[in-house]
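Let's take a walk through a protein together. Have a look at the sequence and the 3D view, and then read on.

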Amino acid sequence: MSDVIASGRRIYAAIEAVDQAIATQLGIHRSDLRALNVLKDGPLLPRDIAECTALTSGSVTALIDRLECAGYVQRQPSQTDRRSIEIVITPEKFSLICDLYSQCATNLKECFGKQNARQLKASLGALGEFAEAMEVAAETIGKIKKGDA
């Protein structure tokens with residue numbers, strides 16, 4: 001089991017390294033990239049960004065201002081509430097971000113493309129179980145009160 005845990009840490013470190021490399025290529029901070037990843041599926045209200053990133057409303061405002069100034073996002077009127085604004089990634093920057101992350105997909109296809117159907121099914125099962133274990137861990141850790149850990 002210690003090898004499984006070590007492999008999990010290696011996966012986490014590799015994902016962190018990819019995100020840092022992408023943030024560096026884009027000339028932004030990791031927290032900015034996290035916010036952009038939250039926005040990948042479409043426009044969000046600033047309060048939704050705050051909820052997804054665990055940032056305060058003031059921090060989200062500063063983050064949006066920074067990303068807007070750098071041309072990564074734009075504010076637009078909300079489709080559902082005319083008193084609100086939504087934040088959306090600009091098409092040019094979305095394309096750039098997708099191009100950078102596509103290298104991950106290419107590498108994964110090269111690696112897992114060498115597997116036969118049985119091996120691929122086993123890999124998918126193991127990765128799915130790994131993801132589920134981490135989701136449960138996140139939920140469990142989130143329920144621990146400060147000072148109880």
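Which pattern does the protein follow when you read along the sequence? The answer is α-α-α-α-β-β-α-α. In other words, the secondary structure comes to six helices and two strands. Keep in mind as you explore that this is a predicted model.

Now step back and consider the overall form. Along its principal axes, the C-alpha trace of the protein spans about 50 × 45 × 30 Å. The radius of gyration is 19 Å, whereas a compact globule of 149 residues would have one near 15 Å. Buried residues, meaning those under 20% relative accessible area, make up 21% of the 149 residues in the protein. The accessible surface comes to about 10800 Å², and carbon and sulfur atoms hold 58% of that surface.

Next, turn to the largest pocket, which has a volume of about 1200 Å³. Its lining has 28 residues, and the closest to the pocket's centre are I11, Y12, I15, L127 and F130. Which helix gives the most to this lining? Helix 1 does, with 14 residues. Helix 1 covers residues 2-26, and helix 5 (91-112) and helix 6 (117-143) also each supply at least two residues of the lining.

How values were computed
Residues are numbered from 1 along each chain as its sequence is written. This is a predicted model: local features need pLDDT of at least 70, side-chain atom pairs count only at pLDDT 80 or more; totals for chains, interfaces and linings use all residues. Side-chain values use heavy atoms; hydrogens and water are left out. On a 1 Å grid over the protein atoms alone, a cavity is a set of points where a 1.4 Å probe fits but cannot get out, and a pocket is an open set with protein on both sides within 12 Å along at least five of seven lines; lining residues have an atom within 4 Å of a point. Grid points are joined across faces, edges and corners, and a volume is the space filled by probe spheres set on the points. Helices (H or I, at least four residues) and strands (E, at least two) are DSSP runs, numbered from the N terminus. The radius of gyration is taken over C-alpha atoms; the globule rule is 2.2 Å times the number of residues to the power 0.38. Buried means under 20% relative accessible area, exposed over 50%, partly exposed in between (1.4 Å probe, protein chains only). Accessible areas come from the Shrake-Rupley method with a 1.4 Å probe; for residues, only the protein chains shown count as cover.
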